[in-house]
Amino acid sequence: MKFFVDTAEIDQIRELNDLGMVDGVTTNPSLIKKSGRDIIEVTKEICAMVSGPVSAEVTSTDADTMIAEGRKLVEIAPNIAVKVPLTWDGLKACKTLSSEGHMVNVTLCFSANQALLAAKAGASFISPFIGRLDDINLDGLELIENIRTIYDNYGFDTEILAASVRTTNHVSECALIGADVVTAPPAVIKSLANHPLTDKGLAAFMADIADTGQKIL
Ligand code: E4P
């Protein structure tokens, strides 16, 4: 399963990228706002650092303007995936941009039927939002499972990019279900390394070696 990092913070992307943990990046208008950066400039910087797909989201809601924005975004770098919302106009933009050979990430997906439409419109990625479904007491992971089944039933090659990932459990469950990609905030990716028994075991090892008075360096 590929890891995308869900942020527009350059330093945080760099830290994870240097460790080989970044297969791609996703941004959205809220993450751009949080970064305080210009969308074109920061996207250019991210694309120069990361070789995998970098999702940059359109900022309009009608198909024609989304298509024009998408054509501008793909000029930034060859690894841009144009992110469009899962609306009827977004699907039109997806069809046009994907037919032109561009990667398209269809975002704000909350149902299996929406995912089916995105695949038929030629999306490279579908982004079902797990956390936001969990927030309203629906089951985000069940949606990932259902989309996996549907895409496998019909051989769609649209990649399932599990988004709105909030917990380490979301990551491991997505891997078990067979999501192609998980995009998660840097803090969630880093917390995958944590386990209380690792901390406990390490403390005991450090105490025991200290008791012997030995040092390697
Ligand atoms: C995905 O592409 C989105 O940027 C993101 O995962 C949304 O997550 P949120 O629901 O935590 O804002």
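**Briefing: salt bridges, a pocket and a surface patch**

Serine 164 sits in the loop between β7 (159-162) and α9 (168-177). Its phi is positive, about 55 degrees, although serine 164 is not a glycine. Helices (H or I, at least four residues) and strands (E, at least two) are DSSP runs, numbered from the N terminus. This is a predicted model: local features need pLDDT of at least 70, side-chain atom pairs count only at pLDDT 80 or more, and totals for chains, interfaces and linings use all residues. Residues are numbered from 1 along each chain as its sequence is written, and side-chain values use heavy atoms, with hydrogens and water left out.

**Backbone and burial**

- Serine 164 is buried because its relative accessible area is 10%; buried means under 20%, exposed over 50%, and partly exposed in between (1.4 Å probe, protein chains only).
- Leucine 108 also has a positive phi, near 60 degrees, and is a residue other than glycine.
- Leucine 108 belongs to strand β5 (residues 103-109) and is partly exposed, with a relative accessible area of 32%.
- Isoleucine 46 lies in helix α3 (residues 39-49) and, at 0% relative accessibility, counts as buried.
- From isoleucine 46 to valine 84 the C-alpha to C-alpha distance is 19 Å, and 38 residues separate them in sequence.

**Salt bridges**

- The whole structure holds nine salt bridges, each a side-chain nitrogen of Lys or Arg within 4 Å of a carboxyl oxygen of Asp or Glu.
- Aspartate 11 pairs with arginine 14 at 3.2 Å, N to O.
- Aspartate 11 and arginine 14 are about one helical turn apart because they are three residues apart in helix α1 (residues 10-18).
- Aspartate 11 is exposed at 58% relative accessibility, while arginine 14 is partly exposed at 37%.
- Lysine 83 bridges to glutamate 57, with the closest N and O atoms 3.8 Å apart.
- This pair links distant parts of the chain, 26 residues apart: lysine 83 is in strand β4 (residues 80-85) and glutamate 57 in strand β3 (residues 54-57).
- Both lysine 83 and glutamate 57 are buried.
- Arginine 71 meets glutamate 100 at 2.4 Å, N to O.
- Arginine 71 is in helix α4 (residues 63-73) and glutamate 100 in the loop between α5 (88-99) and β5, so the bridge ties together parts 29 residues apart in sequence.
- Arginine 71 is partly exposed at 39% relative accessibility, and glutamate 100 is partly exposed at 36%.
- Arg148, Asp152 and Asp180 are linked in a salt-bridge network.

**Largest pocket**

- The largest pocket holds about 360 Å³ of space; a volume is the space filled by probe spheres set on grid points, which are joined across faces, edges and corners.
- On a 1 Å grid over the protein atoms alone, a pocket is an open set of points where a 1.4 Å probe fits, with protein on both sides within 12 Å along at least five of seven lines; lining residues have an atom within 4 Å of a point.
- The lining has 22 residues, and Asp6, Asn28, Leu31, Arg132 and Pro185 lie nearest the pocket centre.
- Helix α2 (residues 29-35) gives the largest share of the lining, three residues.
- The lining residues divide into seven nonpolar, nine polar and six charged; Ala, Val, Leu, Ile, Met, Phe, Trp, Tyr, Cys and Pro count as nonpolar, Asp, Glu, Lys and Arg as charged, and the others, Gly among them, as polar.

**Surface patch**

- Leu202, Phe205, Met206 and Ile209 form a nonpolar surface patch with about 420 Å² of accessible area together.
- Patch residues have over 30% relative accessible area and no salt bridge, and nonpolar side chains (Val, Leu, Ile, Met, Phe, Trp, Tyr) are joined within 5 Å, like charges within 9 Å.
- Accessible areas come from the Shrake-Rupley method with a 1.4 Å probe; for residues, only the protein chains shown count as cover.
- Methionine 206 lies in helix α11 (residues 196-212) and is partly exposed at 49% relative accessibility.
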